[in-house]
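Q: Please pick one part of this model and take a close look at it for me. I'd like to see how it is put together and then how the rest is arranged around it.

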Amino acid sequence: MTPTIETTPLCLLADIPDGNAIEVEALVKGERESLMVYRQGDEARAYFNVCPHAGRRLDYVPGKFLVRAGQIICAAHGATFTAESGDCTAGPCRGDRLRSVPVAVVDGAVRLSDT
């Protein structure tokens, strides 16, 4: 039987300041990827650390993201995304969205999920 959730956590929920994000590396579909993991209370969301506008990383230095009031801002071009859905609401990629990666919080750890 295939497990539905990876056994190795990406990070602990407590590692992420509430309302902010951190960068983690993970194996996603066999490829090593940089992910941004955003925390809101007891929930986490993950996105590929890539802006859909020009394919550049979202962080302004490795692992540091501009996050304000539930909005993620691309450091390269100022595109603004809602942290909850990844939708671009302002900037050069308006109408596009961040590519999400399914995660689950299990016993205080953020893990990849197949859902």
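A: Two strands count as paired if DSSP finds at least two bridges between them. Strands themselves are DSSP runs of E, at least two residues long, and they are numbered from the N terminus. With that in hand, let's zoom in on the hairpin of strand 10 and strand 11. Strand 10 (residues 103-106) pairs with strand 11 in the antiparallel sense, over four bridges. A104 stands opposite R111 in strand 11. Two residues sit between the strands, and D107 takes a positive phi near 50° in this hairpin.

Some ground rules: this is a predicted model, where local features need pLDDT of at least 70, side-chain atom pairs count only at pLDDT 80 or more, and totals for chains, interfaces and linings use all residues. Residues are numbered from 1 along each chain as its sequence is written, and side-chain values use heavy atoms, with hydrogens and water left out.

Now for V110. Setting aside neighbours within four places in sequence, V110 is in contact (heavy atoms within 4.5 Å) with P9, L10, C11, L13, V37, A44, V103, A104 and V105. V110 also belongs to the largest nonpolar core, which has 17 residues. Such a core is a set of buried Ala, Val, Leu, Ile, Met, Phe, Trp, Tyr and Cys residues joined through side-chain atoms within 4.5 Å. Buried means under 20% relative accessible area, exposed means over 50%, and partly exposed is in between (1.4 Å probe, protein chains only). L10, L35, V37 and V110 touch the most other members of this core. Strand 2 (21-28), strand 3 (31-40), strand 4 (43-48) and strand 11 (109-112) each supply at least two residues. Strand 2 gives the most, with four. There is also a second, separate core of 16 residues, which includes A21, C51, F65 and V67.

V67 leads us to another sheet. The bridge partner of V67 is I72, in strand 6. Strand 5 and strand 6 (residues 71-73) run antiparallel and are joined by three bridges. They belong to an open sheet of four antiparallel strands, in the order 5-6-7-8. Strand 5 and strand 8 are at the edges with a single partner strand each, so one side of each has no neighbour in the sheet. From one strand to the next, the twist averages 35°; that angle is taken between axes fitted to C-alpha atoms, using N-to-C directions, and can run from 0 to 180 degrees.

Last stop, the charged pairs. A salt bridge here is a side-chain nitrogen of Lys or Arg within 4 Å of a carboxyl oxygen of Asp or Glu, and the count comes to four. In one of them, E23 and R57 have their closest N and O atoms 3.6 Å apart. E23 is in strand 2 and R57 in the loop between strand 4 and strand 5 (66-68), so this pair ties together parts 34 residues apart in sequence. E23 is partly exposed at 22%, and R57 is partly exposed too, at 37%. R57 also bridges to D59 at 2.7 Å, and D59 is buried at 9%. Elsewhere, R97 pairs with D87 at 2.5 Å. R97 lies in the loop between strand 8 (88-90) and strand 9 (100-101), and D87 in the loop between strand 7 (80-82) and strand 8, so the pair ties together parts 10 residues apart in sequence. Back at R57, shared partners join E23, R57 and D59 into one network.
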